[in-house]
Amino acid sequence: MRIDGHTEVYGLIGKPVGHTVSPALHDAFARVCGRSLVYVPFQVDGDLGAAVKGAYELNIRGLNVTVPYKSRVIPFLSDIDEEAHLLGAVNTLVRIPGGYKGYNTDLAGLKKAVHADGIKLSGRPVMIIGAGGAARAASFAAAKESPSVLIIVNRTPAKARLLAEEVRKAFPGLKTAEGSLEDAGGLISGSGGHAAVFQCTSAGLYPETGECPVSDPEVFRGTEYGFDLIYNPEETLFMKRVRQSGGMARNGLAMLLYQGAASFELWTGEKIGDEALEEAMRTLSRAVQA
């Protein structure tokens, strides 16, 4: 690709961003679509509002947002999509006159990734580990599928309760339970097991690969399907323990692929087809392994 005065600039804001493989993903999409664009990770250590304003002034066409800014960025946006507003978290900023409009493609990306594994959440227990921006997307995505119970556990139980209340408000009649990380094993056992568990914290993210947010063996014995939103490393300790207990485990690479494709389409108007998705997944896998 030739970089010149017409090259479009996109990027990622978060902290940390050194682990990201999103540049490889969007480079793959750009090659398929024949677009001259670059995608740059920007670590924001200080004033988030100033970073968003500066990006707009520098004519950056669009941004992804990752931890810890998915909710914190909202006050600095000119507009927000209805679904992102409901979730209270955005991961995609699209340039509009006067600022950026916020969207959330995490929900659609997670749903596609789970369905690609042949997993149905309807009628089974679903546990969400965490209560931040990614956990919100996972909670609402799961609630849409009508699980038998939605369980939310977090280091701070009050945040888990607050998220559960917000999900129940959006989905009246949904059965929920919540508690601390230490409560996770008992909550899964009490739900009947065969649960789908979504690990939505940063525990285990490279380079702190020895961390796992829950330790009770009951969690893993009751997990039939474990999805860790982390994709670097390729196998987290959470995933390893799920597999050792006989469950299926997946990392967040497929979710990254699908949410990234949705972001790219919002930014450019291009349609990412199956062939482009397959090539991008191969590119992502190589990037993570490297």
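Reader: Hello! What should I know about the model before I start?

Author: Welcome! This is a predicted model, in which local features need pLDDT of at least 70 and side-chain atom pairs count only at pLDDT 80 or more, while totals for chains, interfaces and linings use all residues. Residues are numbered from 1 along each chain as its sequence is written, and side-chain values use heavy atoms, with hydrogens and water left out.

Reader: What is a cavity, and what is a pocket?

Author: Picture a 1 Å grid over the protein atoms alone: a cavity is a set of points where a 1.4 Å probe fits but cannot get out, and a pocket is an open set with protein on both sides within 12 Å along at least five of seven lines. Lining residues have an atom within 4 Å of a point. Grid points are joined across faces, edges and corners, and a volume is the space filled by probe spheres set on the points.

Reader: How much space lies in the largest pocket, and which residues lie nearest its centre?

Author: The largest pocket holds about 1400 Å³. Its lining has 47 residues, and Val 67, Ala 134, Cys 200, Thr 201 and Ser 202 lie nearest the centre. By kind, the lining divides into 22 nonpolar, 16 polar and nine charged residues (nonpolar: Ala, Val, Leu, Ile, Met, Phe, Trp, Tyr, Cys and Pro; charged: Asp, Glu, Lys and Arg; polar: the others, Gly among them). Strand 3 (62–65), helix 5 (133–144), helix 6 (157–170) and helix 10 (253–268) each give at least two lining residues. Helices (H or I, at least four residues) and strands (E, at least two) are DSSP runs, numbered from the N terminus.

Reader: What is the volume of the second largest pocket, and which helix gives the largest share of its lining?

Author: The second largest pocket has a volume of about 160 Å³. Helix 10 gives the largest share of its lining, four residues, and helix 4 and helix 11 (274–289) are also among those that supply at least two. This lining has six nonpolar, no polar and four charged residues.

Reader: How many cavities of 30 Å³ or more are there?

Author: The count is one. About 50 Å³ of space lies in the largest cavity, and its lining includes Leu 110, His 115, Glu 145 and Phe 198. Helix 4 (residues 106–116) supplies the largest share of that lining, four residues.

Reader: Is Phe 220 buried or exposed?

Author: The general idea is relative accessible area: under 20% is buried, over 50% exposed, and in between partly exposed (1.4 Å probe, protein chains only). Phe 220 comes out at 3%, so this residue is buried. You will find Phe 220 in helix 8 (residues 217–221). Leaving aside neighbours within four places in sequence, Phe 220 is in contact with residues including Cys 212, Phe 238 and Val 242 (contact: heavy atoms within 4.5 Å). Thr 66 is buried too, at 18%, and lies in the loop between strand 3 and strand 4 (79–80).

Reader: How do I read a pair of aromatic rings?

Author: A pair is described by the distance of the centres and the angle of the planes. Rings of Phe, Tyr and Trp (its six-membered ring) pair if their centres lie within 6.5 Å; planes under 30 degrees apart are stacked, over 60 edge-to-face, and the rest tilted. The count here is nine aromatic pairs. In one of them, the rings of Phe 29 and Phe 264 have centres 5.4 Å apart and planes at 55°, so the pair is tilted. Phe 29 in helix 1 (residues 22–33) and Phe 264 in helix 10 are 235 residues apart, so this pair links distant parts of the chain. Phe 29 is buried at 0%, and Phe 264 is buried at 1%.

Reader: Where are the cis peptide bonds and the positive phi values?

Author: Most residues other than glycine have a negative phi, and most peptide bonds are trans. Here the bond from Val 67 to Pro 68 is cis, with omega near 5°, and the bond joining Tyr 206 and Pro 207 is cis, with omega about 10°. Pro 68 sits in the loop between strand 3 and strand 4. As for phi, Ser 146 has a positive value near 60°, and this residue is partly exposed at 46%. His 194 has a positive phi near 55° and is exposed at 55% relative accessibility.
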